[in-house]
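Hi,

Here is the structure I said I would pass on. Have a look at it, and then read on for my notes.

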Amino acid sequence: MAYSPILIVHILGGSLGLLSGTAAMAFRKGSPRHVLAGRIFVVSMLTMGALAAYLAITRHQPNNIGGGILTVYLIGTAWLTARRRDGETSRFDWVALLIPLANGILSWMTGVKVLRSGHSSLDGVPVGMILFMGSVCLLAAAGDVRMLVRGGVAGAKRISRHLWRMCFGLFIAAGSFFFGGSNRPLRLLSSVGVGKYLSPALFSTTLYLILTLLPLILLIFWLIRMRFTKTYNRTGI
């Protein structure tokens with residue numbers, strides 16, 4: 001199976017993003033190792049998302065264009081949130097909020113259209129997931145508007161904004177990797193002759209589902225910890 005150089009870089013970026021993102025969540029927040037893993041994660045995910053959008057355009061896959069752009073938006077705004085001081089915003093934020101707003105509206109329009117047609121999925125994507133992603137986009141846009149109207153975010157709210165956007169970006173990458181077209185991990189390993197030497201348990205749908213949902217589980221854990229403890233005072237972000 002032949003892979004274009006851009007596709008290879010896209011896959012490598014996503015794989016490195018998964019590894020570095022997992023490491024960033026495992027390391028103590030604000031520690032040098034967390035910062036290093038976070039930087040690698042940001043670069044990897046921005047590369048993956050940008051190339052995903054490009055590949056979707058060249059291959060006429062409109063449903064994947066929004067996913068790539070949304071990933072870049074989430075990781076980019078999460079990085080900016082961590083880099084800025086409390087209460088800091090810019091004109092860029094007003095432009096950036098158009099991305100989740102447009103994505104959310106289009107996702108809901110698509111989901112409703114699929115439901116009215118009597119189908120339960122579109123190109124293999126369940127309509128429930130389409131509406132879920134649309135809702136998340138609209139919530140992200142609402143959060144941007146709220147931040148801008150209030151003149152920025154500070155303290156625990158700033159860290160929470162950083163965390164949920166990073167974790168949700170990792171969730172998108174995990175879902176794309178483990179549930180991509182034709183089961184991407186198995187396809188890649190089989191194409192290089194490695195898959196046949198590994199246990200079938202490594203390619204089970206249940207394992208893929210757990211690994212995909214893990215970023216969301218960790219997201220809930222960290223948000224609860226941030227809400228009811230003074231963890232943000234020790235993050236150093």
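Predicted model: local features only at pLDDT ≥ 70, side-chain atom pairs only at ≥ 80, totals over all residues.

**Helix 7**

**The nonpolar core**

The largest nonpolar core has 29 residues. Helix 7 is its biggest contributor, with 10 residues. The elements giving two or more residues to this core also include helix 1 (5-26), helix 2 (32-58), helix 3 (62-83), helix 6 and helix 9 (205-228). Leu-70, Phe-168 and Ile-172 have the most contacts inside the core. As background, nonpolar side chains in soluble globular proteins tend to be buried together.

Two of those residues are worth a click. Leaving out neighbours within four places in sequence, Leu-70 is in contact with Asn-103, Met-133, Cys-137 and Ile-172. Phe-168 has a relative accessible area of 4%, so it counts as buried, the cut-off being under 20%.

**Rings**

Phe-168 also shows up among the aromatic residues. The whole structure holds 6 aromatic pairs. One of them is Trp-164 with Phe-168, an edge-to-face pair with 6.3 Å centre to centre and 70° between the planes. Both residues lie in helix 7, 4 residues apart, or about one turn of the helix. Ring pairs also build a cluster out of Phe-132, Trp-164, Phe-168 and Phe-171.

**Salt bridges**

Now for the charged side chains. Side chains of opposite charge can pair when their charged atoms come close. How many salt bridges are there? The count comes to 4, and three of them involve helix 7, as you'll see.

Two of them meet at Asp-144. The side chain of Arg-161 pairs with Asp-144 at 3.0 Å, N to O. That links helix 7, where Arg-161 lies, to Asp-144 in helix 6, 17 residues apart. Arg-165 forms a salt bridge with Asp-144 as well, with the closest N and O atoms 2.9 Å apart. Since Arg-165 is in helix 7 and Asp-144 in helix 6, this pair ties together parts that are 21 residues apart in sequence. Shared partners join Asp-144, Arg-161 and Arg-165 into one network.

For Asp-144 the figure is 2%.

Another salt bridge joins Asp-86 and Arg-158, at 2.6 Å, N to O. Here the partners are 72 residues apart: Asp-86 is in the loop between helix 3 and helix 4 (91-96), and Arg-158 is in helix 7. Asp-86 is partly exposed at 45% relative accessibility, whereas Arg-158 is buried at 8%.

Ala-154 is partly exposed, with a relative accessible area of 40%. Beyond residues up to four places away in sequence, Ala-154 touches Asp-86 and Gly-87. Ala-154 and Arg-85 are 69 residues apart in sequence, yet 7.9 Å apart in space, C-alpha to C-alpha.

Cheers

How values were computed:
Residues numbered from 1 in each chain as written. Heavy atoms only, no water. Buried < 20%, exposed > 50% of the residue type's maximum accessible area, 1.4 Å probe, protein only. Contact = heavy atoms within 4.5 Å. Phe/Tyr/Trp six-rings, centres within 6.5 Å; stacked < 30°, edge-to-face > 60°. Core = buried A, V, L, I, M, F, W, Y, C linked by side-chain atoms within 4.5 Å.
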